[in-house]
Amino acid sequence: MSDLAELAMTRINALAQVSEDTGRLTRTFASPAMRRANELVGSWMREAGMAVRVDGIGNLIGHYPAAQTDGKILLLGSHLDTVRDAGKFDGALGVLIAIAGVQRLGENKARLPFAIEVVGFADEEGVRYQTACLGSRALAGTFNAADLKRTDARGLTMAEAIREFGGSPDALASAKVDPGRLLGHAEVHIEQGPVLEQKNLAVGVVTTIAGQSRARVSFAGCAGHAGTVPMNLRRDALCAAAEFVLVAEALAQNRGGLVATVGEIAAWPGASNVIPGEARLSLDVRHPDDPVRRRAGAELKRRAEEIAAERGVQVRWELVHETPAVVCDRRLTAVLNEAVKRRQKASPLLASGAGHDAAAMAAVAPVAMLFVRCKGGISHHPDESVTSEDVHVAIQVMSDFIAEMAKSA
Ligand code: GLV
Ligand code: MN
Ligand code: MN
């Protein structure tokens, strides 16, 4: 199985070359790079003995048949999209480990009482349209059709992007899986935090996935001459946005467990001698406890309105993404926990602050997640690093998990 770990690492390195940017890894939803990634990963799925299809939103799905045709389905996998200037393991690792698990079954000519479907989800990060988990929400049947009208930075609607990609925005309902056929979804992912490294353990089991809210906030003031408009007569949209960024930081710093991030900001018209007339920013707020997160979101909206009023500018607040916290399935998690205990001295239970496709899939299936140690807990950064020894352990654990599921199916 260490050969499979080496193979998974080689594939991760090859996939990291598939990018829409030169010199850094960026693969956003429905981009030409995503199409190339689907082709490459699809070829590995075929090698592992799976039949491959791409659904209407662009999810790549490899099907490994059950012993009997009417068998249920166990979903494995994670996402193939990335953030900008990404590390190579976030998402991809979960897809490649799932393929390795199936490859092992294929090599042993094993057929199980259920089919396995490995999914490379089309979008988890939400970089292009801010609203996240588009792929898993389409599969779960919770995709919001109104989101098809959202525009990206180039003004292209999501419907147009899906069509350009070769998908079918008008038939996304057909991407929905039949929940009655699902045994569950088990996702492997890098931890994106430091706990496993501190405990000197390769893998751990996830108990909960934090909820998140994302908003697009726009301040509109008045553009003008940087040399002639006195400071007291300005309605500078970027100054309002800047004040809001620090208010969000201070609010999160003073509330245990809350995190608030402004990851994108842009000003118009964008010239060194012009007062910014408009500023737009993204806001991402998370907390393990949904009411605390929602209260913080409402408070920040109120503060944005106060800042705008004080500065004589307008503010527009658009909630673009909201997901509740999710508790992983008790039975599936117990099976995973036992599988971990067979392969290492302890099975730590971890809470996830990051969002995952499993959280969206929880709407229609029991979900479980396995985290793999990553160096320094670094993620959403090109320095993401995972060892092939830990990948080896994760493949062993997932193989044991699948075998145990087969025994009880
Ligand atoms: C995904 O990585 C997220 O939690 O933003
Ligand atoms: Mn991820
Ligand atoms: Mn991510």
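**View 1. Val 188 in strand β5.** In this predicted model, Val 188 lies in strand β5, which covers residues 182–190. Strands (E, at least two residues) and helices (H or I, at least four) are DSSP runs numbered from the N terminus. Val 188 counts as buried because its relative accessibility is 3%, where buried means under 20% relative accessible area, exposed over 50% and partly exposed in between (1.4 Å probe, protein chains only).

**View 2. Surroundings of Val 188.** Leaving aside residues up to four places away in sequence, Val 188 touches Ser 78, Gly 94, Ile 97, Leu 370, Val 372 and Met 398; a contact means heavy atoms within 4.5 Å. The C-alpha atom of Val 188 is 30 Å from that of Gly 297, a residue 109 positions away along the chain.

**View 3. The chain as a whole.** The chain contains 11 helices and 16 strands. Its radius of gyration is 22 Å, close to the 22 Å given by the globule rule for 409 residues, so the chain is as compact as a globular protein of that length. The radius is taken over C-alpha atoms, and the rule is 2.2 Å times the number of residues to the power 0.38. The C-alpha trace spans about 75 × 45 × 40 Å along its principal axes. Of the 409 residues, 55% count as buried.

**Notes.** Residues are numbered from 1 along each chain as its sequence is written, and chains are lettered from A and ligands numbered from 1 in the order in which they are written. Local features need pLDDT of at least 70, side-chain atom pairs count only at pLDDT 80 or more, and totals for chains, interfaces and linings use all residues, while side-chain values use heavy atoms, with hydrogens and water left out.
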